[in-house]
Amino acid sequence: MPFKIDPKNVDNQQIAWLLRAIAAAYTIKNGPYFKIVAYNNAADEIEHLTTPITYLWQQNRLDEIPNVGQHIKKHLDELFRTGQSKHFNRLLGDIHPAVFILIKVPGIGAKTADKLTKHFKFPKKSEEKIIKTLISLAKQAKIQQIAGFKAKSQERLAKLAAEYLADISPKRFLLSEALEVAEPFISFLQQHQDLIKEAVVLGSLRRRLPTVGDIDIAAKTNKPDQVVKLCSKYPFFKEYETAGSNKARIVLTNGYRIDLVTSPAFKFGSLLQHLTGSKFHNIALRERALEKGYSVSEHGIKDLRTKKLHHFDNEVDFYKFLGLQWIPPELRENKGEIELAERFKLPQLIDKNDVLGDFHIHSDFDISTSHDLGRSGLKDLVIKAKNLKYHFLAVTDHNPKKALASDQKAGLFKKRNRLIDKVSQQFDFCLFKSLEVDINPDGSLAIEKNLLDLFDFIIVAVHSRFDMSSSAMTDRIIKALAYPKVKILAHPTGRILNKRKGFEADWPKIFKVIKKRSQAIEINASPYRLDLPDDLVRLAVKTGVKMTIGTDAHADKDMDWMKFGVWNARRGWAGPDDIINTWSIEKLKKWLKK
DNA sequence: GCCGTTTTCGGCCCGACTGTTTTCAGTCG
């Protein structure tokens, strides 16, 4: 099968898939094991890349990608120049194209896919037809007729394929959604202190990723079988999907699943570390341990000379044994944290308690806004802020509809400003008069320039035309940033988690402009957005660009979303000084005048 | 095929689970 691409129209996922196809081809041909690993590693990197790989290629920067060395670089270069690679085509040529579709189904690997396509007739194109063919073969009980498969494998394949087709297979939940399921269950477990000493979330949930694949919880106990039994007493318990003596998967009445694992106290630290991940962090950790003569697993750390297995009841001691500073879960992605932990030089991360205010709040004051109005009054917002021990809030209602006459707008703004002053005085609380203004497709602002003086500062954001090219979007944003009073670029990539991919833009270029103009970029803390994405937070930290966290609250209770913004900031290695929410009011006022 | 404060050669994470090929292969996280 000659594999052709349009170099102008190929994304990172497709390139990652191609490299996995190469790995699969080597697997089928019993090629060298470490070549297979190398291609898969390169695919992993490219899949998680934050810049389009074609963009890196244009700038001759492919060798900046870890796990892409001289050989893969050469093949990719040919692919991007000519639309295909001779070497890849040679490798893929004699393998049925359906193999590379079938391996996308979790649970089906190269060998299985190869056997299937050799024994049965599969369509060459159409992902849907290929998967349906597999389902139909299983239903006709044909798969169990070939060597290596019996009824059970056949059943399993049919199930995997059906799940893939229905897209009910691993759907990722929002972090907030997963916590709403996990936290009440943990409270339930902790009510039984005689049985359970501690219960914590694991995996991507503990590392605070914006979306998580499953809800894993660890319980520290000496009576694992009793803990497994206890689950059935949980008020929202529906059934056990699996239940062993040490672990269980339970289904709740609302359909969510929870994976529970148990561990005795003396090795709880190792288990916690292992199941927190990430996979890449753990691999790097084990490689490093091996150099020092230790083998790491969820059971502990084994000294390869003495064969002694060391147990750890907590993570601090686990990392210490390996000569490392304890690493906050949000950093465990193998992005350089291990090297810094080795020198005890991990950055100080921002903490929820460092936050002194919220930069993005919508009130119910009606200025005939272009987008949705808030639902809470100013007073309630200030009461909430005081409960959160804040020192300030920025009131950032949406700009009025464009159709409204300029002097009508001015009248509304002045009326709003009087109310803000009144509430501020009444509660002795600092309120900034701000506005969230749309950036028009041409980069102009959706409000008259002469009205900007009525505000302490302006937040700008893209709310329309997300489909522009990267360079047009970059120009659009940079033009908007040049207006007076503009201090913050809100929800910068426009992504809505699980719904809309963020748009692409030349972020390094935009960051440079923001830094030069003493502006800031927002980490939108809404659990539906979490925008800036963490890798761009990291870029902001590296290049010295300041950030604000704003909840984008449309009701007082939404102000509790701040924690999501803080976690996202921590995932991007941000410290207190990178985030303007930690600044004193005097410092803020000085910054606003810059 | 990738990578480097013990290496430009010689290494490359670890264990669980599942199903089937009674000793292992495939897949996953």
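In the predicted model, the side chains of His463 and Asp438 are joined by a polar contact of 2.7 Å, a polar contact being a pair of N or O atoms within 3.5 Å in which, within protein, one must be able to donate a hydrogen and the other to accept it, residues adjacent in sequence counting only if both atoms are side-chain atoms. The His463 side chain also makes a polar contact of 3.1 Å with the side chain of Glu436. Residues up to four places away in sequence aside, His463 touches His371, His398, Glu436, Asp438 and His491 (contact: heavy atoms within 4.5 Å). His463 is placed in the loop between β14 (457–461) and α19 (470–481); helices (H or I, at least four residues) and strands (E, at least two) are DSSP runs numbered from the N terminus.

Around DNA strand B there are 33 residues, of which Gly69, Gly107, Gly109, Arg286 and Glu287 come nearest; a residue is near the strand if one of its heavy atoms lies within 4 Å of it.

Residues are numbered from 1 along each chain as written, and chains are lettered from A and ligands numbered from 1 in the order written. Local features need pLDDT of at least 70 and side-chain atom pairs 80 or more, whereas totals for chains, interfaces and linings use all residues; side-chain values use heavy atoms, without hydrogens and water.
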